Amino acid sequence: MARRRMAVRWVMIAALAVLPAAPAARAQSTPKHLTPLPAATLALMTARDTNPAAPILMRAYKKESEIEVWKRAADGRFVLLKTFPICRWSGQLGPKRKAGDRQAPEGFYAVRPQQMNPKSRYYLSFDVGYPNAYDRAQGGTGSALMVHGTCSSAGCFAMTDRQVGEIFALAREAFAGGQAAFQFQAFPFRMTAENLARHRQDPHIAFWRQLKEGSDRFEATGREPIVTVVAGRYSFVPYPDPAIEALALARRTGEEARIAALVGRGIEAVRTTYADGGQHPVFAALLRRGAALGEVSRPEALAMAGQEVITIPARHAVIAAAPPVPILVALPVIETEPSLFVRTPLAEGATRLSLAAGPAPAAPLFVAAPRFAALR
């Protein structure tokens with residue numbers, strides 16, 4: 001699914017796609033909450049083998065500052081339709097715990113029709129459903145955590161008016177098609193093995209590992225994870241189809257092994273800090289060019305967004321140098337006379353070296369002098 005997601009990823013980068021709607025556009029006769037879906041989005045649905053009435057699912061990532069909208073295709077799997085850059089979110093990575101902490105929530109939430117707000121003072125909005133059962137089990141307080149228009153956040157996921165108008169329309173059509181509630185998954189960052197390994201010393205790592213299990217189940221199967229809360233922890237009900245559940249378990253086992261391998265190889269550990277939340281790079285680029293994004297909350301904090309503090313430096317493996325390759329130099333062949341000493345194979349004698357008679361010489365080795373003749 002990761003490869004498919006990257007292949008179909010749609011990030012709205014053009015200035016007209018992310019800037020607030022012009023005043024003239026707001027003066028149209030159609031109420032803003034009933035604005036039709038763009039023709040380009042309808043064409044994308046056809047290409048993805050889905051339609052406006054099919055169920056949706058959304059995924060938000062703080063660090064990457066993106067919200068993904070997924071649609072269920074004809075084969076029952078959810079497919080990525082569009083990725084919207086987030087104009088502003090506030091707080092730090094980690095769950096929301098109490099009212100006023102400026103934290104955007106993290107977890108698995110359900111959005112129902114009554115949570116949609118067509119009369120929002122932030123153009124259009126919907127409540128993500130904080131606090132859910134997990135948040136309440138942790139003593140979480142606060143309310144009205146929204147996805148809304150206007151680039152200003154105090155615990156919300158703030159989009160431009162144009163963006164939230166399309167997101168609102170996507171949810172509206174799914175509800176009209178019979179979906180009772182759509183799942184909103186909120187994460188600190190993309191739940192890859194590398195991100196979990198690098199953030200292993202963060203105080204929220206145990207919570208993030210729970211989120212990763214749900215994320216992995218979706219990544220492996222393309223099916224919405226069935227979420228419950230047991231003993232104050234997220235728990236996930238097995239999929240009814242054993243074959244689909246086997247895919248989820250295999251993904252989970254593989255990701256755990258990848259995390260362990262990364263830590264074992266000495267990947268660095270980091271903490272990611274923010275002065276107060278972040279913003280997608282596309283909006284930062286627009287601001288640098290002088291584009292008007294409307295109200296932007298605490299713009300001075302964006303300069304300190306996403307600073308990584310290394311808590312454990314990377315441990316680089318020491319690779320032993322290979323032994324030098326011997327250089328073989330051919331030596332000249334020197335012709336010599338046969339030796340009187342010859343090596344005897346071990347199988348033929350008890351000694352390693354023995355004296356043996358050489359072949360009979362063709363001529364005497366010694367010539368007798370006359371004065372030695374008497375000794376013969």
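The following is a conversation about a predicted model of one chain.

Colleague: What makes cysteine 87 and cysteine 151 a disulfide?

Modeller: Their sulfur atoms are 2.1 Å apart, and the cut-off is 2.5 Å, so the pair counts as a disulfide. A search of the whole structure finds one disulfide. In general, such a link is a covalent bond between the sulfur atoms of two cysteines.

Colleague: Why is this disulfide called left-handed?

Modeller: Because the torsion about the S-S bond of cysteine 87 and cysteine 151 is about -100 degrees.

Colleague: Which parts of the chain does the pair tie together?

Modeller: Cysteine 87 sits in the loop between strand 3 (78-85) and strand 4 (88-89). Cysteine 151 sits in the loop between strand 8 (146-148) and strand 9 (157-158). The parts tied together are therefore 64 residues apart in sequence.

Colleague: Are cysteine 87, cysteine 151 and cysteine 156 buried or exposed?

Modeller: Buried means under 20% relative accessible area. Cysteine 87 has 0%, cysteine 151 has 2% and cysteine 156 has 8%, so each is called buried. Across the chain, buried residues make up 43% of the 376 residues.

Colleague: What makes strand 3 and strand 5 the edge strands of their sheet?

Modeller: The open sheet has five strands in the order 3-2-1-10-5, with mixed pairing. Strand 3 and strand 5 (107-111) each pair on one side only. From one strand to the next, the twist averages 20 degrees.

Colleague: How do you know that strand 5 and strand 10 pair?

Modeller: Pairing requires at least two bridges. Strand 5 and strand 10 (residues 182-187) have five bridges, in the antiparallel sense, so they qualify as a pair. Alanine 110 stands opposite glutamine 183 in strand 10.

Colleague: Which strands does helix 6 touch?

Modeller: Helix 6 (residues 161-176) packs on the sheet and touches strand 1 (56-61), strand 2, strand 3, strand 5 and strand 10. The direction of helix 6 makes about 155 degrees with that of strand 3.

Colleague: What makes strand 6 and strand 7 a pair?

Modeller: They have two bridges, in the antiparallel sense, and at least two are required, so strand 6 and strand 7 (residues 125-127) count as paired. Methionine 116 has phenylalanine 126 in strand 7 as its bridge partner.

Colleague: Which residues have the most contacts inside the largest nonpolar core?

Modeller: They are Phe126, Val147, Phe157, Phe182, Phe184 and Trp208, in a core of 56 residues. Helix 6 gives the most to this core, with eight residues. Leaving out residues up to four places away in sequence, phenylalanine 184 touches Met58, Phe126, Val147 and Phe157, among others.

Colleague: Which residues does the second core include?

Modeller: That separate core has eight residues, including Cys87, Cys151, Val282 and Phe283. In soluble globular proteins, nonpolar side chains tend to be buried together.

Technical notes:
Residues numbered from 1 in each chain as written. Predicted model: local features only at pLDDT ≥ 70, side-chain atom pairs only at ≥ 80, totals over all residues. Heavy atoms only, no water. Helix = DSSP H or I, 4+ residues; strand = E, 2+ residues; numbered from the N terminus. Buried < 20%, exposed > 50% of the residue type's maximum accessible area, 1.4 Å probe, protein only. Axes fitted to C-alpha atoms, helices over the stretch in contact; angles between N-to-C directions. Contact = heavy atoms within 4.5 Å. Core = buried A, V, L, I, M, F, W, Y, C linked by side-chain atoms within 4.5 Å.
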